[in-house]
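I opened this structure to look up a few things in turn and write down what I found. My notes are kept in the order in which I looked.

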Amino acid sequence: MLDTRELYQQVILDHNRSPRNFRVIENPSSHAEGNNPLCGDKVAVDLTMSGGVITDVAFQGAGCAISTASASLMTEQIKGMSPQEALDLIDQFRGLVTGASDTMNVASLDVFSGVQNYPTRVKCATLAWHTLRAAIEGTTDTITTE
Ligand code: ZN
């Protein structure tokens, strides 16, 4: 029987090895790029919106296992949400990984709760989410965690 920490590590390793929605969207409604110079993580997020809903979301980039797995799990959750629902989830996720809040309505994202014990990893975990926020809000500048 795996303990919870091992299970969480396995989920992160699996998403790092086989990232979901790792591709480019042709003619996306919105695109944003993010950088975490502290670790060298880079991510670009494309999304398509239609009828007030995020109908497709994808990412590209290179980075550590935490940043890649976080982006991968994020894309799985965001599809089908309204922009406001996505922004709410971004806030929840930031609260989870910083330890500021334990409200997390999406169970599969709990795998990142351990990140709050590793402050240097918080930027890795949140990079894709900051970038998603920029894409939703239409910010054109590259986001940096610094
Ligand atoms: Zn990283």
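**Entry 1, the zinc site.** I note at the outset that this is a predicted model. I looked up the protein donors of the zinc ion and found Cys39 (SG), Asp41 (OD), Asp41 (OD), Cys64 (SG) and Cys124 (SG), which lie 2.2 to 2.7 Å from the ion. Along the chain these donors follow the spacing C-x1-D-x22-C-x59-C. Cysteine 39 sits in the loop between strand E1 (30-36) and strand E2 (41-50), while cysteine 124 belongs to helix H4 (residues 119-137), so this pair ties together parts that are 85 residues apart in sequence. I then checked their accessibility: cysteine 39 is partly exposed, at a relative accessible area of 34%, whereas cysteine 124 is buried, at 1%.

I turned to helix H3 (residues 83-98), whose 16 residues reach 23 Å from the first C-alpha to the last, close to the 22 Å expected at 1.5 Å a residue. Which residues of H3 are buried? I listed Ala86, Leu87, Leu89, Ile90, Gln92, Phe93, Gly95, Leu96 and Val97. The buried residues of H3 pack against strand E3 (53-62), helix H2 (65-78) and H4. After H3 comes glycine 99, with a positive phi near 80°.

I looked next at aspartate 56, whose side chain meets that of arginine 23 in a salt bridge (2.8 Å, N to O). Arginine 23 lies in the loop between helix H1 (4-17) and E1, and aspartate 56 lies in strand E3, so the pair ties together parts 33 residues apart in sequence. Aspartate 56 is buried, at 18%, whereas arginine 23 is partly exposed, at 31%.

Lysine 79 also forms a salt bridge with aspartate 56, and here the closest N and O atoms are 3.5 Å apart. Because lysine 79 lies in the loop between H2 and H3 and aspartate 56 in strand E3, this pair ties together parts that are 23 residues apart in sequence. Lysine 79 counts as partly exposed, at 36% relative accessibility.

Lastly, I recorded that Asp91, Arg94, Arg133 and Glu137 are linked in a network of salt bridges.

Technical notes: Residues are numbered from 1 along each chain as its sequence is written. This is a predicted model: local features need pLDDT of at least 70, side-chain atom pairs count only at pLDDT 80 or more; totals for chains, interfaces and linings use all residues. Side-chain values use heavy atoms; hydrogens and water are left out. Donors are N, O and S atoms within 2.8 Å of the metal (3.2 Å for Na, K and Ca); water is not among the atoms, so sites may look incomplete. Helices (H or I, at least four residues) and strands (E, at least two) are DSSP runs, numbered from the N terminus. Buried means under 20% relative accessible area, exposed over 50%, partly exposed in between (1.4 Å probe, protein chains only). The expected span of a helix is 1.5 Å times one less than its number of residues. Contact means heavy atoms within 4.5 Å. A salt bridge is a side-chain nitrogen of Lys or Arg within 4 Å of a carboxyl oxygen of Asp or Glu.
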